[in-house]
Amino acid sequence: MAFNLYLPPQATTTPLHRVPVLIYLSGLTCTGDNCAEKGFFQHRASQKGIAIVYPDTSPRGLMIEGEDDSYDFGSRAGFYVDATKEPWSKGYNMYSYITEELPKALFSSFEQLDSSRVSITGHSMGGHGALTLFLKNPGKYKSVSAFAPIANPINCPWGQKAFKGYFGEDQQSKWKDHDATELVKKYKGPLDLLIDVGTGDNFYKQGQLLPENFVKAAKESGNDKDLVVRYQPDYDHSYYTMASFADDHVDHAAKRLCNQVAGMKSGKSYDVQLNITYE
């Protein structure tokens, strides 16, 4: 496995200055290269002084039978869980990798990074990962946001296939333990969350993402006070969409990482795009 790391100018031009970190989790079929090359996070990150980490999406080269047979399970599709079902449990431990192994490698190798200031974001499968890792580890990440997240995997084909393969069909409790819609129902604490979903996204139309289920669960549990879900008219599932709104997501993280006021107005928006004002 490999990852990409973007260091902003502040990490190299200011002696002894440590910069905060935003972890970006990629979606199905991706590696750590795709968003680093197409997501356009570096623009605002350089202005805010935030490092961006782009991890891979699964282990590589384990030679498990069937791991390369489909785009939505196995290679490039680790779903940010620790598999418990053989043979996947021998190496598909993406939850532990992102929360434990990767941070140890990062902060021991790059003294420019501030381990006390870390946020998380992601796209699609990676949006699922960002939401679940944040909700399962209160206080570990300063903020969370997501593009087109798989927000209710136990009720969509992608999630059902992955969880059946990694956990087993009879392990429904493990399924729910990695489902953001289930986790938000019992989450305690502030949930300052930004989600962008394109109304032209075919996977949204097919019921793979189900952000409306997450919103409903957040409202019913009282966790929607600072929840902003923006349905962007006609935008799709591509990196063009992410590049269009990358600045907003870096700004969202900067509010917590840098103690700066982001340009985006706060408030709820479940069905319309918010107006954006930059200072």
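Tutor: Strand 6 (193–198) and helix 11 (239–257) each give at least two residues to the lining of the largest cavity. Helices (H or I, at least four residues) and strands (E, at least two) are DSSP runs, numbered from the N terminus. Keep in mind that this is a predicted model, in which local features need pLDDT of at least 70 and side-chain atom pairs count only at pLDDT 80 or more, while totals for chains, interfaces and linings use all residues. Residues are numbered from 1 along each chain as its sequence is written, and side-chain values use heavy atoms, with hydrogens and water left out.

The structure holds 1 cavity of 30 Å³ or more, and the volume of the largest cavity is about 40 Å³. A cavity is a set of points on a 1 Å grid over the protein atoms alone where a 1.4 Å probe fits but cannot get out, and lining residues have an atom within 4 Å of a point. The volume is the space filled by probe spheres set on the points, which are joined across faces, edges and corners. Around the largest cavity you will find H123, F147, A148, D196, G198, D201, D236, H237, S238, T241 and M242.

In total, the structure has 15 aromatic pairs. Y24 and F41 make a tilted one, with 5.5 Å centre to centre and 50° between the planes. This pair bridges distant parts of the chain, since Y24 sits in strand 2 and F41 in the loop between helix 2 (34–38) and helix 3 (42–48), 17 residues apart. Rings of Phe, Tyr and Trp (its six-membered ring) pair if their centres lie within 6.5 Å; planes under 30 degrees apart count as stacked, over 60 as edge-to-face and the rest as tilted. Y24 is buried, at a relative accessible area of 0%, and F41 is buried at 0% too. Buried means under 20% relative accessible area, exposed over 50% and partly exposed in between (1.4 Å probe, protein chains only).

R18 lies 180 residues from G198 in sequence and 35 Å away in space, C-alpha to C-alpha. R18 is in the loop between helix 1 (10–13) and strand 2 (19–25), and with 46% relative accessibility it counts as partly exposed. Beyond residues up to four places away in sequence, R18 touches E111, Q112, L113, D114 and R117, where contact means heavy atoms within 4.5 Å. Its side chain also reaches the backbone oxygen of E111 at 3.2 Å.

Strand 2 comes up again beside helix 4 (residues 94–109). The buried residues of helix 4 pack against strand 2, strand 3 (51–54), strand 4 (113–122) and helix 5 (125–136). Among those buried residues are Y95, I98, L102 and P103. Helix 4 has a kink of about 35° at L102, shortly before the proline P103; the bend at a residue is the angle between axes fitted to the seven residues ending there and the seven starting there.

Our last stop is T132, in helix 5. T132 is buried, because its relative accessibility is 0%. Apart from neighbours within four places in sequence, T132 contacts H178, D179, A180 and L183.

Note on methods: Polar contact = N/O pair within 3.5 Å; in protein donor to acceptor, adjacent residues only side chain to side chain. 1 Å grid on protein atoms, 1.4 Å probe; cavity = no way out; pocket = protein on both sides within 12 Å on 5 of 7 lines; lining within 4 Å.
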